[in-house]
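Here is a short tour of one protein chain for you to follow alongside the viewer. Have the display ready, and let's look at its packing and its charged pairs.

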Amino acid sequence: MNPIDQYLQEVCEISQKLDRAKLENLVEHLVRLRDRQGRLFLLGVGGSAANASHAVNDFRKIAGIECYAPTDNVSELTARTNDEGWPTVFSAWLEVSHLSERDALFILSVGGGNLEKNISPNLVAAVKLAKSRGAAVLGIVGRDGGYTAQAGDAVVIVPTVHADRVTPHAEAFQAVVWHLLVSHPKIGQNQTKWESAVAPKP
């Protein structure tokens with residue numbers, strides 16, 4: 001099959017396989033978070049860190065949810081990595097932010113963290129801190145979801161449809177899912193520019 005057709009076919013297959021009940025669970029958690037005026041903390045590394053930054057904008061501007069991503073502050077991120085180590089870079093940031101039971105973590109990750117394989121131990125530490133403080137743990141993750149899926153309260157797993165494209169599919173569908181969330185009538189509060197603009201006359 002043509003590589004372009006193959007990739008787009010995989011996108012269609014993933015869309016059909018996404019767990020609708022888990023998506024609805026994410027919606028309900030976010031509605032309750034906003035109702036109690038809790039904060040949403042987006043965590044991700046690599047491409048997922050870039051997605052976290054974009055998602056923060058959307059959750060704040062479109063959904064009216066107070067939201068932050070520690071990776072947006074490169075000075076603090078690199079200082080903590082240099083002085084304290086990579087595994088605690090997020091949990092230490094969340095401690096200073098006084099993470100509480102009113103708040104929620106939102107993990108964006110290809111694998112969800114795995115201590116045994118030493119993959120994203122910083123995400124695992126952050127999730128453990130959140131659980132110890134009664135904060136909700138949400139996520140959009142790939143593969144089997146890793147520690148995030150094991151410990152999380154509302155986690156959508158991007159189905160694996162091709163072993164060689166787990167990362168691009170997981171990171172692409174992070175964007176698909178969070179845009180679905182901020183577009184949901186229960187969550188979206190403010191129209192974006194193009195949707196609110198008057199259509200030009202022919």
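What follows is a report on the nonpolar cores and salt bridges of this predicted model.

## Nonpolar cores

The largest nonpolar core has 34 residues, and the members that touch the most others are Leu30, Leu40, Leu42, Phe59, Phe106, Leu138 and Leu181. Two or more core residues come from each of helices H2 (20–35), H3 (47–61) and H8 (166–183), and likewise from strands E1 (40–43), E3 (104–109), E4 (136–141) and E5 (154–157). Helix H2 gives the most, with six residues.

Beyond its neighbours within four places in sequence, its contacts include Leu26, Leu30, Leu40, Phe106, Ile107 and Val155.

## Salt bridges

The model has eight salt bridges. In one of them, the side chains of glutamate 10 and arginine 165 meet at 2.7 Å, N to O. This pair links distant parts of the chain, 155 residues apart: glutamate 10 sits in helix H1 (residues 3–17), and arginine 165 in the loop between E5 and H8. Glutamate 10 is buried, at 2% relative accessible area, whereas arginine 165 is partly exposed, at 22%.

Arginine 80 pairs with glutamate 76, with 2.9 Å between the closest N and O atoms; both lie in helix H4 (residues 74–83), about one turn apart. Arginine 80 also forms a salt bridge with glutamate 84, at 3.2 Å. Arginine 80 is buried, at 15%, while glutamate 76 is partly exposed, at 23%, as is glutamate 84, at 45%. Elsewhere, a salt-bridge network links Glu24, Glu28 and Lys186.

Technical notes. Residues are numbered from 1 along each chain as its sequence is written. This is a predicted model: local features need pLDDT of at least 70, side-chain atom pairs count only at pLDDT 80 or more; totals for chains, interfaces and linings use all residues. Side-chain values use heavy atoms; hydrogens and water are left out. A nonpolar core is a set of buried Ala, Val, Leu, Ile, Met, Phe, Trp, Tyr and Cys residues joined through side-chain atoms within 4.5 Å. Buried means under 20% relative accessible area, exposed over 50%, partly exposed in between (1.4 Å probe, protein chains only). Helices (H or I, at least four residues) and strands (E, at least two) are DSSP runs, numbered from the N terminus. Contact means heavy atoms within 4.5 Å. A salt bridge is a side-chain nitrogen of Lys or Arg within 4 Å of a carboxyl oxygen of Asp or Glu.
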